[in-house]
There are 2 protein chains.
Amino acid sequence: MEKIQLQNQAPATPLPIVIAGALVDGKENYLTIGAYGVMSIQPPVVYISSMKGHYTNAGIRKSGYFSINVPSAGLIKKTDYCGLVSGRDADKSEIFSAFYGKKKHAPMIRECPVNALCKVAKTVELPNNDVFIGDVIEYYVDKDCLTDKVPDPKKIDPLVLAGRSYRKLGRVAGAAFIAGKALIKKP
Amino acid sequence: MEKIQLQNQAPATPLPIVIAGALVDGKENYLTIGAYGVMSIQPPVVYISSMKGHYTNAGIRKSGYFSINVPSAGLIKKTDYCGLVSGRDADKSEIFSAFYGKKKHAPMIRECPVNALCKVAKTVELPNNDVFIGDVIEYYVDKDCLTDKVPDPKKIDPLVLAGRSYRKLGRVAGAAFIAGKALIKKP
C-alpha cells in the first residue's frame with residue numbers, strides 16, 4: 001500500500017458530537033463540539049477544547065463548570081446550528097430546554113438523552129484553544145435510553161462527525177475485549 | 001422525558017478507536033485506545049490517555065513520541081487484541097508491519113490507512129491516567145483512501161466503540177456546517 005504524506009492535520013477519525021453547555025453572563029449557552037474525549041474512566045474525567053475567543057469559554061472560566069450533552073440524530077439541525085452560530089451573535093438560550101442538577105452550575109439539555117455535569121479540574125492552554133478538563137460530577141440518561149439500567153447506544157442514536165458529514169452508528173463489527181481473544185497465544 | 005441519575009461515569013458517546021504506537025525499550029509496541037481526541041485543528045494537536053502502569057506509557061515518556069494509527073474495520077481482531085494484551089506479557093511487535101517517518105521516533109502501522117506521528121508537548125497527570133498531549137508532526141494516508149486528495153471516511157472504514165461493541169460508520173445524517181443553516185434568523 002502506498003502511503004501519501006499530507007500536510008500535518010488531526011488524523012481522519014470519526015469524532016463524537018456533543019453539545020457543551022455553560023452559563024455565560026448568567027444566560028444558557030450551547031456550543032457543538034467534536035473536540036471532546038474521555039481521559040479517565042475511573043474517576044470519570046472528560047475534556048472539551050474550544051477555540052480561544054469563543055463566547056462559551058469565558059463562561060466556563062468564570063463559573064468553573066460545563067455540561068456535556070449527547071444529541072440524538074433527530075436533533076441534527078439544532079446541533080449543527082449550535083456549532084455554526086456564536087452566542088455573541090445570537091441568543092441560543094431558547095433553542096433547547098435547560099435543566100439543572102443540584103445547583104445552577106451549567107445548563108443541561110433536556111432534549112438530549114445523555115447529560116453530564118462537569119467541574120473544571122484543569123485548563124490547558126494551547127496556542128489557539130482552551131482545553132477544559134472536567135470531572136463528571138452528575139450524570140443523567142433518559143429512562144427510555146436504558147437497557148437493563150445501562151445506556152444503550154442504539155436507543156441514544158448519537159452522531160459522529162466523519163469528514164464533513166454527520167453519521168449515525170453503523171452495524172456492529174465485533175465485541176470489545178472479545179473479538180481479539182482468538183489471537184491470544186495459549187502457553 | 002424522565003431523566004434517571006446514574007453513577008458518575010464518562011458520558012455514553014461513541015469513541016473513535018485508534019491504535020497508539022510507541023517504542024518501549026527499543027521495541028515496537030501497540031495499544032488500542034478509545035481515550036483519544038482532537039484538541040486543536042490548527043496547529044494539529046491530539047491526545048491519548050492511558051492508565052498509569054501501562055507498558056506503553058514508559059516508552060512514550062522516555063522517547064517523547066507516540067503514533068496514532070486508525071484501523072479499518074477489517075483489522076478488528078488485531079485491533080481488539082492490542083487492547084486486551086499488555087506488551088509486558090506478549091510481544092506485540094510482530095502483529096503489524098511498522099514503518100517510520102524521518103527518524104525512528106515511534107512506529108506507525110503500515111496496515112492502518114491513517115497514521116500520524118506525534119511529539120509529546122505536555123503530559124497531564126490524572127489520578128489513574130497519563131494524558132499525553134502531542135503535536136502532529138508527520139501525517140500519512142493510504143493513497144487509495146483519498147478522494148480528491150482528502151482522506152475519505154468511507155474508504156478508511158474506521159471503527160467507533162459504542163457501549164461494548166465496535167461499530168462501523170452508519171448512514172450520513174446531514175452535512176456539517178450546513179444542516180443547521182435553516183435555523184439562522186435572517187436580520
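An open sheet of 6 strands runs in the order S2(A)-S14(A)-S15(A)-S15(B)-S14(B)-S2(B), with antiparallel pairing, where strands are DSSP runs of E with at least two residues, helices are DSSP runs of H or I with at least four residues, and both are numbered from the N terminus. Two strands count as paired if DSSP finds at least two bridges between them. Strand S2 (15-16) of chain A and strand S2 (15-16) of chain B stand at the edges, each with a single partner strand, so one side of each is left without a neighbour in the sheet. This is a predicted model, in which local features need pLDDT of at least 70 and side-chain atom pairs count only at pLDDT 80 or more, while totals for chains, interfaces and linings use all residues. Residues are numbered from 1 along each chain as its sequence is written, chains are lettered from A and ligands numbered from 1 in the order in which they are written, and side-chain values use heavy atoms, with hydrogens and water left out.

**How the two chains are related**

**The interface between chain A and chain B**

- In this interface 99 residues of chain A are in contact with 99 residues of chain B, contact meaning heavy atoms within 4.5 Å.
- The size of an interface is often given as the accessible area lost when the parts come together.
- Here the two chains bury about 8,300 Å² between them, 66% of it on carbon and sulfur atoms, where buried area is the accessible area (1.4 Å probe) that two parts lose on being put together, summed over both.
- On the side of chain A, the residues that lose the most area to chain B are Lys3(A), Tyr139(A) and Arg167(A), which together account for 9% of what that side buries.
- Across this interface, 50 residue pairs are in polar contact, both residues being at pLDDT 80 or more; such a contact is a pair of N or O atoms within 3.5 Å, where within protein one must be able to donate a hydrogen and the other to accept it, and residues adjacent in sequence count only if both atoms are side-chain atoms.
- Strand S15 (residues 165-175) of chain A gives the most to the side of chain A that touches chain B, with 11 residues.
- The residues of that side divide into 62 nonpolar, 18 polar and 19 charged, where Ala, Val, Leu, Ile, Met, Phe, Trp, Tyr, Cys and Pro count as nonpolar, Asp, Glu, Lys and Arg as charged, and the others, Gly among them, as polar.

**Salt bridges**

- Side chains of opposite charge can pair when their charged atoms come close.
- The whole structure holds 16 salt bridges over all chains, and the count between chain A and chain B is 4, a salt bridge being a side-chain nitrogen of Lys or Arg within 4 Å of a carboxyl oxygen of Asp or Glu.
- Asp142(B) forms a salt bridge with Lys3(A), with the closest N and O atoms 2.8 Å apart; Asp142(B) lies in strand S11 of chain B and Lys3(A) in strand S1 (residues 3-5) of chain A, so the pair joins two chains.
- Lys143(A) forms a salt bridge with Glu2(B), where the closest N and O atoms are 3.6 Å apart.

**Strand pairing**

- Strand S11 (residues 129-142) of chain A is joined by 3 bridges to strand S1 (residues 3-5) of chain B, and the two run antiparallel, with Tyr140(A) standing opposite Gln5(B).
- Within chain B, 11 bridges join S10(B) to strand S11 (residues 129-142), again in antiparallel fashion, and these two strands form a hairpin with 3 residues between them.

**Backbone details**

- A cis peptide bond with omega of about -5° joins Gln42(A) and Pro43(A), and Pro43(A) lies in the loop between strand S5 (36-40) and strand S6 (45-51) of chain A.
- Asp157(A) has a positive phi of about 55° although it is not a glycine, and Asp157(A) lies in the loop between helix H3 (153-156) and strand S14 (159-162) of chain A.
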